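Subject: Structure handover

Hello,

Here is the structure I promised, with the sequence alongside. Please open it before you read on; my notes follow it.

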Amino acid sequence: PPPPPPPPPPKPKPAAPAVDATTKLVPQYDTVTSTESLYKNTPQSALKYSKDPVKITDPILVIAGPDKGRTGVVLGKEADTAIIKLSSKEIKVIDLAKIAKQAN
């Protein structure tokens with residue numbers, strides 16, 4: 001008689017979901033598509049931010065443009081731009097002149 005067939009291979013375990021390493025760096029708020037109308041007439045002196053230059057992983061405040069008033073974190077920097085992750089989980093490339101380090 002022929003030998004019995006080998007047992008079927010075990011089913012592979014499902015892959016673990018990908019973990020976003022930047023989630024802990026960004027405060028979680030409700031998504032706001034644009035804050036421009038909320039901050040359009042707000043003077044810069046009303047926004048609380050540091051004059052220190054931003055570094056990677058610093059919490060930031062957008063101080064100009066359609067995302068003015070939104071918060072996030074710096075993921076990367078180049079000469080005149082920064083890659084930021086906003087609290088709404090959007091990732092954007094923005095001019096360094098339009099962001100500032102959040103005040104403590």
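Strands β2 and β3 run antiparallel and are joined by 3 bridges. β3 covers residues 71-77. Pro59 sits opposite Val73 of β3. Leu61 has Thr71 as its bridge partner in β3. Please keep in mind that this is a predicted model.

β3 has β4 as a neighbour too. These two strands are antiparallel and share 5 bridges. Val73 is paired here with Lys85 in β4. A hairpin of 3 residues connects β3 to β4. How enclosed is β3? Of its 7 residues, 5 are buried, so the rest of the structure largely encloses this strand.

Now β6. It runs antiparallel to β2, with 3 bridges between them. Leu61 faces Ala100 of β6. β6 (residues 99-102) also pairs with β1 (residues 49-50), again antiparallel, over 2 bridges. Ser50 has Lys101 in β6 as its bridge partner.

Put together, the sheet is open and has 6 strands. Its order is β1-β6-β2-β3-β4-β5, with antiparallel pairing. β1 and β5 (91-95) are the edge strands. Each has a single partner, so one side of each lacks a neighbour in the sheet. As background, strands of a sheet pair through backbone hydrogen bonds, either parallel or antiparallel.

The core

Which residues make up the largest nonpolar core? There are 9: Val54, Ile60, Val62, Val74, Ala82, Ile84, Leu86, Ile94 and Ile99. β4 gives the most, with 3. In soluble globular proteins, nonpolar side chains tend to be buried together.

Take Ile84 as a way in. Leaving out residues up to four places away in sequence, Ile84 touches Ile60, Val62, Val73, Val74, Leu75, Glu90, Ile91, Lys92, Ile94 and Ile99. Several of these contacts are core members, including Ile60, Val62 and Val74.

Salt bridges

How many salt bridges does the whole structure hold? The search finds 4. One joins the side chains of Lys101 and Asp58, at 4.0 Å from N to O.

Asp67 is buried, at 7% relative accessible area. Arg70 is buried too, at 6%. Asp67 forms another salt bridge, with Lys92, where the closest N and O atoms are 2.7 Å apart. Asp67 lies in the loop between β2 and β3 and Lys92 in strand β5, so this pair ties together parts 25 residues apart in sequence. Lys92 is partly exposed, at 25%. Salt bridges link Asp67, Arg70, Glu90 and Lys92 into a network. Glu90 and Lys92 are also on the contact list of Ile84.

Surface and loops

Where is there nonpolar surface? Ile83, Ile91 and Val93 make a patch of about 290 Å². Ile91 belongs to strand β5. Is Ile91 buried or exposed? Its relative accessible area is 55%, over the 50% cut-off, so Ile91 counts as exposed. Ile91 is in contact with Ile84 as well.

Two loop residues deserve a note. Thr57 is in the loop between β1 and β2. Its phi is near 80°, a positive value in a residue other than glycine. For context, most residues other than glycine have a negative phi. Thr57 is partly exposed, with 45% relative accessible area.

Ala64 is in the loop between β2 and β3. Its relative accessible area is 27%, which makes Ala64 partly exposed. The C-alpha atoms of Ala64 and Ala97 are 8.2 Å apart, while the two residues are 33 places apart along the chain.

Best wishes

How values were computed
Residues numbered from 1 in each chain as written. Predicted model: local features only at pLDDT ≥ 70, side-chain atom pairs only at ≥ 80, totals over all residues. Heavy atoms only, no water. Core = buried A, V, L, I, M, F, W, Y, C linked by side-chain atoms within 4.5 Å. Buried < 20%, exposed > 50% of the residue type's maximum accessible area, 1.4 Å probe, protein only. Helix = DSSP H or I, 4+ residues; strand = E, 2+ residues; numbered from the N terminus. Contact = heavy atoms within 4.5 Å. Pairing = 2+ DSSP bridges. Patch = residues over 30% accessible without salt bridge, like charges linked within 9 Å, V, L, I, M, F, W, Y side chains within 5 Å. Areas by Shrake-Rupley, 256 points an atom, 1.4 Å probe, with all protein chains shown as cover.
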